[in-house]
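Please read them alongside the coordinates.

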Amino acid sequence: MVKILSVDDEAPIELMMRHHFRRKIRSGEYEFFFAHNGLEALAVLANTPDIEIILCDINMPEMDGLTLLAKVNEMHNPAMRVIMVSAYGDMENIRQAMNDGAFDFVTKPIDMDDLALTIEKAIEQIRYVHESQKEHTQLESLKEDLVSAKEIQQSFLPRTFPPFPEDSDKVDIYASMDAAKDVGGDFYDFFRIDDDHIALVIADVCGKGIPAALFMAVSRTIIHSKGMQGVSAAECMTESNLLLANSSVKYMFVTVFYAILNTKTGLVTYSNAGHNPPHILRADGTIEQLPMDGRFMVGVFPEEEYADTTLQLEHGDVLAMYTDGVTEATDSDGMMFGSERLDSILRSQESGVRSQEIVEAVKAGVADFVKDAEQSDDITMLVVKRL
């Protein structure tokens, strides 16, 4: 039901309105309210705040139409539509009303068919405003949900450093994930398998936003669960891939670098499922990049089997794992950050540097490179140093 307030000091106006719109009144489409001046109109509006169309005469006693229009504007109701009614010769006041925000005007003597069309036009705009308000409310609700989703996603990631105080004299671990959107598809993980072995995981789900975040949560849970069973790196990837590939949504996959570090010997056994090969900063300042082994990402082919490879971390060596959001970060000219800049930052680190300082140095280097360019991908790093 559309509620309409007619404000006019001429008594016949009420009869004309009731007669002309009688069918819409009887059918419940329109409900009319009447006032004889601006003060009465304000009282009606106070009692019936859902009135959204006002037919307002300009020349009235006690409070004229222009003053009432100003009062209505102060209510800040974006759906309210005021249609001014006045004699054709009163064009100066009509013009003033339009400048002050009136929706439209009709002249006296009133052409009721023209007024009906003007009311219908106002109703269309009011409906549009309500639809926009509804969409705005939904967007605000979605924003709140995204904030909650971000908090939930962050809770999946270990954030206590150092993570293994009992091994703080053996390994130094630090990680961070900065999502390009409210939620992202990158993740990192590390957890103890037994007294001498720690699992290290860094991964990148295809895509961004909510779909990637959901697939990230599933992938991280499966890999973590399999890893906790004490299987090898290759077995963890093979079994996780089988589960994800058989239940994956079409076109969803995740690249994963999964490693098991022996905290006593420094031996790392790893399996790379299509992920960016980590860089090794040796204690003598040299940089190595692990070779790609050509394995597919997780979640594509259920029959894919993964292999174990080993590397030795000596005292002072650093294993720097990252997602492509680091090397593929682009500046405003479309230039990528690249592996060479990453190596340059790693090489510039002093021998006694901590893992957190390395992560922060790389992030600062990326930020300085891209400057004001929008972040296009999640930026995630996991750095392990053998002490």
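1. I begin with N262. Apart from neighbours within four places in sequence, N262 is in contact (heavy atoms within 4.5 Å) with D196, H197 and L267. N262 is found in strand β9; helices (H or I, at least four residues) and strands (E, at least two) are DSSP runs, numbered from the N terminus. With a relative accessible area of 16%, N262 is buried, where buried means under 20% relative accessible area, exposed over 50% and partly exposed in between (1.4 Å probe, protein chains only).

2. On the basis of the model: it is predicted, so local features need pLDDT of at least 70 and side-chain atom pairs count only at pLDDT 80 or more, while totals for chains, interfaces and linings use all residues. Residues are numbered from 1 along each chain as its sequence is written, and side-chain values use heavy atoms, with hydrogens and water left out.

3. The side chain of N262 also reaches backbone atoms. One of its polar atoms lies 2.9 Å from the backbone nitrogen of K264, and the backbone nitrogen of T265 lies 3.1 Å from a polar atom of the N262 side chain. A polar contact here is a pair of N or O atoms within 3.5 Å; within protein, one must be able to donate a hydrogen and the other to accept it, and residues adjacent in sequence count only if both atoms are side-chain atoms.

4. Strand β9 (residues 254-262) runs antiparallel to β10, and five bridges join them; two strands pair if DSSP finds at least two bridges between them. I260 stands opposite T269 in β10. The two strands form a hairpin with four residues between them, and G266 in the turn has a positive phi of about 85°.

5. β10 has another antiparallel partner in strand β13 (residues 309-312), joined to β10 by four bridges. T269 has T310 as its bridge partner in β13. Five of the seven residues of β10 (residues 267-273) are buried, so this strand is largely enclosed by the rest of the structure.

6. An open sheet of five strands with parallel pairing has the order β2-β1-β3-β4-β5. β2 (30-35) and β5 (104-108) stand at the edges with a single partner strand each, so one side of each has no neighbour in the sheet. Direction ignored, neighbouring strands of this sheet are turned by 20° against each other on average. Axes are lines fitted to C-alpha atoms, for helices over the stretch in contact, and angles run from 0 to 180 degrees between N-to-C directions. Within the sheet, β3 (residues 53-57) and β4 (residues 81-87) pair in the parallel sense over five bridges, and D57 has V85 as its bridge partner in β4.

7. Helix α6 (residues 112-156) lies across β1 (2-7), β2, β3, β4 and β5, and runs at about 160° to β4. Its 45 residues should span 66 Å at 1.5 Å a residue, and its end C-alpha atoms are 65 Å apart, which agrees; the expected span is 1.5 Å times one less than the number of residues. Buried residues of α6 include M112, L115, I119, I123 and L146.

8. D8, E10, D57 and K108 are linked in a network of salt bridges.

9. K363 and D178 form a salt bridge, their closest N and O atoms being 3.2 Å apart. K363 is in helix α11 (residues 355-370) and D178 in strand β6 (residues 171-178), 185 residues apart, so here too I cite a link between distant parts of the chain. K363 is partly exposed, with a relative accessible area of 23%, and D178 is partly exposed at 29%.

10. R282 and E288 form a salt bridge, with 3.0 Å between the closest N and O atoms. R282 is buried, with a relative accessible area of 17%, whereas E288 is partly exposed at 35%.

How values were computed. A salt bridge is a side-chain nitrogen of Lys or Arg within 4 Å of a carboxyl oxygen of Asp or Glu.
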